[in-house]
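Hi everyone, thanks for making time.

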Amino acid sequence: MLKILGRRTSANVQKLLWQLVEMGIPFEREDYGGEFGGNKSEDFLRLNPNGVVPTLIDGDAVIWESNTILRYVANRYGPTPLYPADAAARADCERWMDWQLGTLNLTMTPLYIALIRTPAEKRDMAALQRLEDKAEELFALLDRALADRDYLGGDTLTLGDIANGMFAYRWYELPVRRGAPKANLKRWYDRLTGRPGFQQHIMIGLS
């Protein structure tokens, strides 16, 4: 059985758990990181030299880096519509995964830390405002991208939606300015909230 090392409040763990529900794959999970610690121990670092979560153990295979884990699971236990076989469709999926990691993450992670894990008296309000403005810009970009499609990859859910959907939940739940209505984004988000894996592993509050 797959074993996941990582706390369920980690965004990167959450998207993996959601994928596993979508694919019907059983797993075990152990708490590491955050308040649980253990991710800087020698044993953990032998598995994952970065000392971050999640780390996936699948028999003799040890996989780290969250989006790499998503692709590994899709390849190992697929085929699955979550990771299309067609080259162009797969590239469409993967570019949104890369965008999540290289663009959206750089705004949403510090924004989340500032609002949820930093005491109000210690917040840099100027930096916080810049992060809010950038998040608004990025979710407006997603809204435009979804103008003619149900999901980021087209008609069906893919890993691109899973990678970005967990940040959409946080953005909708955080006390931030969300600007003009984004009808396309909201329709997409409402589709995600109807999925059992999203409900079980993403919609768990902010902590």
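**Walking through the fold**

Okay, reading from the N terminus, the elements go β-α-β-α-β-β-α-α-α-α-α-α. That gives eight helices and four strands; both are DSSP runs numbered from the N terminus, with helices being H or I over at least four residues and strands being E over at least two.

Before I go on: this is a predicted model, so local features need pLDDT of at least 70, side-chain atom pairs count only at pLDDT 80 or more, and totals for chains, interfaces and linings use all residues. Residues are numbered from 1 along each chain as its sequence is written, and side-chain values use heavy atoms, with hydrogens and water left out.

Now the overall picture. The C-alpha trace spans about 50 × 45 × 25 Å along its principal axes. The radius of gyration is 17 Å, which agrees with the value near 17 Å for a compact globule of 207 residues. That radius is taken over C-alpha atoms, and the globule rule is 2.2 Å times the number of residues to the power 0.38.

Of the 207 residues, 47% are buried. Buried here means under 20% relative accessible area, exposed means over 50%, and partly exposed is in between, using a 1.4 Å probe and protein chains only. As for contacts, meaning heavy atoms within 4.5 Å, take the ones between residues at least 6 apart in sequence: 69% of them join residues at least 24 apart.

And the charges? There are 26 positive and 27 negative side chains, with the centres of the two sets 3 Å apart. Lys and Arg count as positive, Asp and Glu as negative, and His and the chain ends are not counted. Each charge is placed at NZ of Lys, CZ of Arg, CG of Asp or CD of Glu.

Let's turn to the backbone. Most residues other than glycine have a negative phi, and most peptide bonds are trans. Finally, E65 is not a glycine, yet its phi is positive, about 80°. E65 lies in the loop between β4 (61-64) and α3, and at 38% relative accessibility it is partly exposed.

Next, a few charged residues. D58, in strand β3, is buried at 10% relative accessible area. What does the side chain of D58 make a polar contact with? It's the side chain of R76, at 3.3 Å. A polar contact is a pair of N or O atoms within 3.5 Å; within protein, one must be able to donate a hydrogen and the other to accept it, and residues adjacent in sequence count only if both atoms are side-chain atoms. Beyond four places in sequence, D58 touches L2, Y72, R76 and Y77.

E136, in helix α5 (residues 125-145), is buried too, at 13%. The C-alpha atoms of E136 and R178 are 5.9 Å apart, though 42 residues separate them along the chain. Outside four places in sequence, the contacts of E136 include W171, R177 and K182.

Last one: R191 in helix α7 (residues 183-193) is partly exposed at 29%, and beyond four places in sequence it touches D150 and Y151.
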